[in-house]
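Subject: Structure handover

Hello,

Here is the structure I promised you. Please open it beside this email and follow along.

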Number of protein chains: 2
Amino acid sequence: MSTLQLYNTLTRKKEVFEPIHPPHVGLYVCGPTVYGDPHLGHARPSITFDLLFRYLQYLGYKVRYVRNITDVGHLENDADAGEDKIAKKARLEALEPMEVAQRYANRYHDAMRSLNVLPPSIEPHASGHIIEQIALVEDIMAHGFAYEVNGSVYFDVEAYSKANSYGKLSGRVLEDLMANTRTLDGQSDKRNPADFALWKKAAPEHIMRWPSPWGDGFPGWHLECSAMSTKYLGETFDIHGGGMDLIFPHHECEIAQSVAASGHDAVKRWMHNNMITINGQKMGKSLGNFITLEELFAGTHQLLAQAYSPMTIRFFILQAHYRSTLDFSNEALQAAEKGLQRVTSAQKTLQQLKPSEKSSVDVTRFIQDCRKGLDDDLNTALVLAAIAEWVKTVNSVKDGSEQLSAADLKLLQADFKVVVNDILGLQAEPVAGHGNDLTGGLMNLILQLRSQAKTSKDFATSDAIRNQLQAMGVVVKDTKNGAEWSIE
Amino acid sequence: MSTLQLYNTLTRKKEVFEPIHPPHVGLYVCGPTVYGDPHLGHARPSITFDLLFRYLQYLGYKVRYVRNITDVGHLENDADAGEDKIAKKARLEALEPMEVAQRYANRYHDAMRSLNVLPPSIEPHASGHIIEQIALVEDIMAHGFAYEVNGSVYFDVEAYSKANSYGKLSGRVLEDLMANTRTLDGQSDKRNPADFALWKKAAPEHIMRWPSPWGDGFPGWHLECSAMSTKYLGETFDIHGGGMDLIFPHHECEIAQSVAASGHDAVKRWMHNNMITINGQKMGKSLGNFITLEELFAGTHQLLAQAYSPMTIRFFILQAHYRSTLDFSNEALQAAEKGLQRVTSAQKTLQQLKPSEKSSVDVTRFIQDCRKGLDDDLNTALVLAAIAEWVKTVNSVKDGSEQLSAADLKLLQADFKVVVNDILGLQAEPVAGHGNDLTGGLMNLILQLRSQAKTSKDFATSDAIRNQLQAMGVVVKDTKNGAEWSIE
C-alpha cells in the first residue's frame, strides 16, 4: 500500500498514488520549446519533476519518464523567397530551423546538467513524430470531432462537448470560451472561436512543413504531447506533468484529443507546478526581468546582485512546495545560498564525526521525517525543515552536546546521502572536479604548516597563511577538533 | 583561392577544397548507432571530422555540420507476444527501443563531451525522418530503380547499373558482387543478390515500425543518410565523411540512391578515416579486445595497464594522419600521454616567459608550419611535429638560450591557443574545474612557505613539504626562476 499522496489537478485533491501497472510508472512532462535560451521558467518544472522521478525510483518503481522537445517552430523565410526556390539555389544559405532547434536544445541540456536534473528515459522530438500526429488527427476526424477547411484541420469543440466535458481540467466554461475568444489572424476558417488547430496548412514562407492527407502543413501545438505520450507510455498512463500555465489551453486540449480519438482519458493524474515571479512581478521580456539560466549562473543580468550557482537555484526552488508561487529576489537567493551551505557543510561534518558508545538521539527519525514530507505531495519545504533540524543535531554531536553510536552515525550518513544527494539531487558545489582530493590534500598541508607556525609562536606566518587563504576565498576556523576550512 | 587540399575517396586524389556556395560548407558525417556503448571505433571518426569542422571554421567558412543518430534498431519482442497485444495490455512493460536508444545516445554525448568533440550543427535521428525516407523510396521507384516484393522495397542494382556506375566509390565490380553475395535469410525476395533493401516489411515481432504505402515496416539502413543529408544540406553538398568500413556497402548505396532519385551525385567529395587496430588486431567482441570509451577513461579493461584521459586519446588519434591505420597499445598511449603533457606544460610555460628586447627566432613560422600540415589533407602528424619543435623553442626561451620580444611572445601565445586549443581541440586536463585558480593559489602559498623554511635553514620542513606534495602527485622542481610545480 503506497504512502505517497499526490495532488491531482483534475480532481482537485490529494490522492494516494497507485500505478496502473506496478511496478511500472509512466510519467510524461511537457519539455522546452527550443527556440530560445533556457530561462528561470524552465528550471521549476524540470526540477519539480526530476524530484518526482527520483523519489518514485527511490520507492522502487520502474519509471519511464518521457519529456518532449518542441522543435516544430514557426520560423519563416522572407515571403518572396519560398522554400522551393531556396532549396534549388542553395539550401545552405537558408535559415535551417533544425539548426536553431539543435543549438537551443544543447543549451537546455547543458543547463539541466548544471542543475543536476537527470535525463529523462525518452526525449522525443515533435518533428520526429509527424506520422503519429497525422494518424491521431485521422482518428479524431473518423470519430467526427474534427473538420478540414482549406488544408487545415480543426478540433470541433462543440461536437466534442455534447458527450464530453471540455474544460474539466481548467474549470473553464465552454460558453464563456465561445463568447470571449477573440478571432485572431488565420482563425477565420474555424467554425467556432473555441475550436483549435490539429493541423495547419503551411503558408509558402513557412519553412517547417510536411506532406499530409490535407496538403503540406505542420501539426498544431497540442497534438505532439497526445501522440508521443500514447506512443511511449500507452493509451492510459499514470502521470502527466507541466507548468500551471499549460493547464489551459494545452492540457485541456490534450485531454480532448485523447478522449476524441480513443473514447477515454489517457492520463490518470495531472500535476502542475506553480509559477515563478521576480520581485513580485510576472517574468516577461517586456518587463526587463526575463532572466536566462546562464545569466543567473554568471550573475550577468542587471537585476542580479551576484552570480548564483546552479545548486543554489535548485535549493531555492526546493525550499517552496511546488504548488506554491515562488518569488525570486536577491535576498531570497542569498538566503538559499546560505541554507545550502549549512546542509553541505553538515554533510561534510557528518563524515568526520567520532562515534560515541551510545546515541542520545533517534536517528531513524531523520528518514521518517523526510519521507513524511515527500509523501505529502512532495512537500520539499517540510523535507528541508527536517533536514535543517538534523543539521543542528549534527552540529550538536560535533560540539559534544549530543552523541551518536557508530552504527547510528553510519546510518545517518547513509540517509543524508539518500535524501540530500539522491532524492533532492543536491550536490556539494563542484569546487574542484578531478582535483577535489588535491584541494583537500593541499589544504591539509597548509593547515599543518600553520599549526606548526603557531606551536613555534611564529604568529606572523600563521596570520599570513590565514590572510592569504581568505584572499582566495578560503575561510579557516579554529575549533576544538582542530582547524577547519570552507570555501566562501 | 583555397590552400586546403583534401583527399577525395571518389577520385582517389587530393583536391583543392572549394565549397559549392562559399562561404557556406555542407558537411555530413555518419554518426553512431545507439544500441551499445560508445567505443574506440567511435572516437576516431568523431575526432577526425571535429578537426575538419574546427579547421573549416578557422578558415572562415560557415559550416553546417550534420551528424546523424541511427536509432532505427532491430529490437524484437518475443515472437508470441506481438506489438498489438502488448500495447493493449501494458505498453510500459514492453521493451521500448527508444528508451534504449536514448540511454546510449546520452552516453555517446557524454563521451564526446569528454573528448572535447564539438556538437554538430544538426543531429537528426533516423526515426524522426521516416516521411522523408518514404518519399525518397517513392522517388527511386518512380524512376524505375526499385521494386516492391511482399511489402518490402528493393533497389534494383542491375537496372541502375545500365546507365550508372555502381561501385565507383568502393571500386567493387558488379559482376563479382552478383556472383559472390550469399543469399541470406529474408533476402529471397530480391531479384538479384546485389540488390539492397530500401524498405523492409516489419515482421510481427519487430517493435519499431511505421505505416508506409507498402504496409508496416521500417527503412533500410542506407536510406536515412541520403534522406537527411539532402533535407539539411541540399541536393548537392560539399563533404560526406565516415569511417572507411562504411565505403561499402553503405556509402556506395547512398550514392546509388541519390543518383537514382535526382539524376545526379549529391556529394562533391567523400572523406574516410582509416581503422583502429588493437595490438595489431582488428577490434571485435569475439576477440576480447572490444574497449568502450568508458573503460578506456577508467582503465577497467583487462588489456589496459592504466586509465587514459580523454585528452590523451584525442592526442593519440591526432598523432596519426586520419588516412593511416592506427594501432592502440599501452606503450603508444603512454607515449601520447607524455607528448600531451609536453605540449600543455609548454603552453603553461609560454604564459610565464619574460620577454626580451629582441627575438632570436621567427615566431610567424609556427602558425605557417601548422597550417601547412592542416592544408595537406589535415595531416595532424605534421602539425604535432611542428608543435613539438616549438615546444623545444619555448623551453629554450625559458633556459635563456633563445629570446622572444614582447610582441612575438604575445603572438606565439595567441597562435598556440589557436592551433592547440581551438583547432586541434586539446585542452589542459581538467585538474580542478571551478577550482583551477584555487589550486594555483594554494600551491603558491605552499611554495612560499617552503622557500621561507629553506631560507631559515629549516630543511626538515621544506623536505616534508616536498614529500607530502609528491605523495599527492604534485612534483616540485627548483629552477633558476624559482620553484615550479606540475601534476604527475
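Start with helix 10 of chain B, residues 310-319. This is a predicted model, and in it 9 of the 10 residues of that helix are buried, so the helix is largely enclosed by the rest of the structure. The buried ones are B:Pro310, B:Met311, B:Thr312, B:Ile313, B:Arg314, B:Phe315, B:Phe316, B:Ile317 and B:Leu318. What covers them? The cover includes helix 1 (40-58), helix 3 (97-114) and helix 9 (293-298) of chain B. It also includes strand 13 (326-328), helix 11 and helix 13 of chain B.

Now look at two of those covering helices. Helix 11 of chain B spans residues 330-352, and helix 13 of chain B spans residues 380-399. Their axes come within 10 Å and cross at roughly 40°.

Next, some strands. Strand 7 of chain B, residues 196-201, is mostly covered: 6 of its 6 residues are buried. Strand 7 of chain B has an antiparallel pairing with strand 6 (residues 152-155) of chain B, over 3 bridges. One pair to find there is B:Tyr154 with its bridge partner B:Ala197. Strand 7 of chain B is also joined by 3 bridges to strand 8 (residues 217-219) of chain B, again antiparallel. Here B:Lys201 has B:Gly217 as its bridge partner.

There is a hairpin to look at too. Strand 1 (residues 5-8) and strand 2 (residues 13-16) of chain B run antiparallel, with 4 bridges joining them. B:Asn8 has B:Lys13 as its bridge partner. There are 4 residues between the two strands, and B:Arg12 takes a positive phi near 60°.

Over to chain A. How many helices and strands does chain A have? It comes to 16 helices and 15 strands. The C-alpha atoms of chain A fill a box of roughly 90 × 60 × 35 Å along the principal axes. Of its 488 residues, 44% are buried. Take the contacts in chain A between residues at least 6 apart in sequence: 73% of them join residues at least 24 apart.

Then the nonpolar cores. The largest has 243 residues. Those touching the most other members are A:Leu27, A:Ile140, A:Leu198, A:Ile387, B:Ile140 and B:Leu198. Leaving out residues up to four places away in sequence, A:Leu27 touches A:Leu52, A:Phe53, A:Val63, A:Tyr65, A:Val66, A:Asp238, A:Ile239 and A:Gly241. A second, separate core has 20 residues, including A:Leu438, A:Ala453, A:Ile465 and B:Ile446.

Last, the contact between the chains. Chain A puts in 46 residues, and chain B puts in 46 residues. Several elements of chain A each supply at least two residues to the side touching chain B, among them strand 3 (24-29), helix 2 (83-90), helix 4 (130-142) and helix 16 (459-471). Which helix of chain A gives the most to that side? Helix 15 of chain A does, with 8 residues.

Best wishes

Note on methods: Residues numbered from 1 in each chain as written. Chains lettered and ligands numbered in written order. Predicted model: local features only at pLDDT ≥ 70, side-chain atom pairs only at ≥ 80, totals over all residues. Core = buried A, V, L, I, M, F, W, Y, C linked by C-beta atoms within 7 Å. Buried ≥ 20, exposed ≤ 12 C-beta atoms within 10 Å, placed from the backbone. Contact = placed C-beta atoms within 7 Å. Pairing = 2+ DSSP bridges. Axes fitted to C-alpha atoms, helices over the stretch in contact; angles between N-to-C directions.
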